[in-house]
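This report describes one protein chain for a reader who is new to structural analysis. Please keep the sequence and the model in view while reading.

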Amino acid sequence: MTIRDHDFPPVQPHQYAKEWKRYTNSFVLLIGLFVGYLPFGVIADYLIDRLLGGNNTVMMIAAFTWMAAYGVAGLRFGSFRCPRCHEQFFCRKRFTFFGFYNPFARHCWNCGLEKWAGE
Ligand SMILES: [Zn+2]
């Protein structure tokens, strides 16, 4: 059985503002880490070359740390919980394998709450 919109009281303005702000922050962090990887790599490479004489180990550690941060940010964004039903917003409750996950969903896959409702 799927929980739908009519199972919940009407959404009030600003009811879920805090949760949508947290969603926005995790999205901005994810995109920032994705877009910032190349400039970070160039600057880090330049600085490590200047300061440490081109130590590849330090550069590899810096790159992997950045990638790990991107992975964590991706997991945080992807596992965003619906502010109303508290299930995963982008993923069906019962079927969580590939194909039932949509990070571009415009509504909760479990209760039907529209994205940005109650902002
Ligand atoms: Zn929901």
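Tyr70 is placed in helix 2, where helices (H or I, at least four residues) and strands (E, at least two) are DSSP runs, numbered from the N terminus. Tyr70 counts as partly exposed because it has 17 C-beta neighbours inside 10 Å. For this term, a residue is buried if 20 or more other C-beta atoms lie within 10 Å of its own, exposed if 12 or fewer, and partly exposed in between, with C-beta atoms placed from the backbone. Tyr70 and Leu33 are 37 residues apart along the chain, yet 5.8 Å separate their C-alpha atoms.

The model is a predicted one, in which local features need pLDDT of at least 70 and side-chain atom pairs count only at pLDDT 80 or more, while totals for chains, interfaces and linings use all residues. Residue numbers start from 1 along each chain as its sequence is written.

**The chain as a whole**

The secondary structure of the protein chain consists of two helices and zero strands. Its radius of gyration is 19 Å, well over the 14 Å that the globule rule gives for 119 residues, so the chain is more spread out than a compact globule. This radius is taken over C-alpha atoms, and the globule rule is 2.2 Å times the number of residues to the power 0.38. Along the principal axes, the C-alpha atoms fill a box of roughly 65 × 30 × 15 Å. Of the 119 residues in the protein chain, 11% are buried.

The chain is divided into domain 1 (14-78) and domain 2 (81-111); such bounds come from an automatic or database domain assignment. Taken over C-alpha atoms, the centres of domain 1 and domain 2 are separated by 25 Å.

**The two helices**

Two packed helices are described by the angle between their axes and the distance between the axes. Helix 1 (residues 17-52) and helix 2 (residues 56-78) pack at an angle of about 175°, and their axes are 10 Å apart. The axes are lines fitted to C-alpha atoms, for helices over the stretch in contact, and the angles run from 0 to 180 degrees between N-to-C directions. Helix 1 and helix 2 are therefore roughly antiparallel to each other. By class, their contact has 19 nonpolar, three polar and two charged residues. Here Ala, Val, Leu, Ile, Met, Phe, Trp, Tyr, Cys and Pro count as nonpolar, Asp, Glu, Lys and Arg as charged, and the others, Gly among them, as polar. As for the angle classes, those under 35 degrees count as roughly parallel, over 145 as roughly antiparallel, 65 to 115 as roughly perpendicular and the rest as oblique.

Helix 1 has a kink of about 45° at Gly36, shortly before the proline Pro39. The bend at a residue is the angle between axes fitted to the seven residues ending there and the seven starting there. Two of the 36 residues of helix 1 are buried, so this helix lies largely in the open. Val28 lies in helix 1, and Val28 is exposed, with 12 other C-beta atoms within 10 Å. After helix 1 comes Gly53, whose phi is positive, near 70°.

**Backbone angles and selected pairs**

Most residues other than glycine have a negative phi, and most peptide bonds are trans. His14, in the segment before helix 1, has a positive phi of about 65° although it is not a glycine. His14 counts as exposed, with 10 C-beta neighbours inside 10 Å. Trp116, in the segment after helix 2, has a positive phi near 75° and is likewise not a glycine. Trp116 is exposed, with 12 other C-beta atoms within 10 Å. Phe80 also lies in the segment after helix 2, and Phe80 is partly exposed, with 19 other C-beta atoms within 10 Å.

The table lists pairs of residues with their separations.

| Pair | Apart in sequence | C-alpha to C-alpha |
|---|---|---|
| Tyr70 and Leu33 | 37 residues | 5.8 Å |
| Val28 and Cys91 | 63 residues | 20 Å |
| Phe80 and Ile61 | 19 residues | 29 Å |
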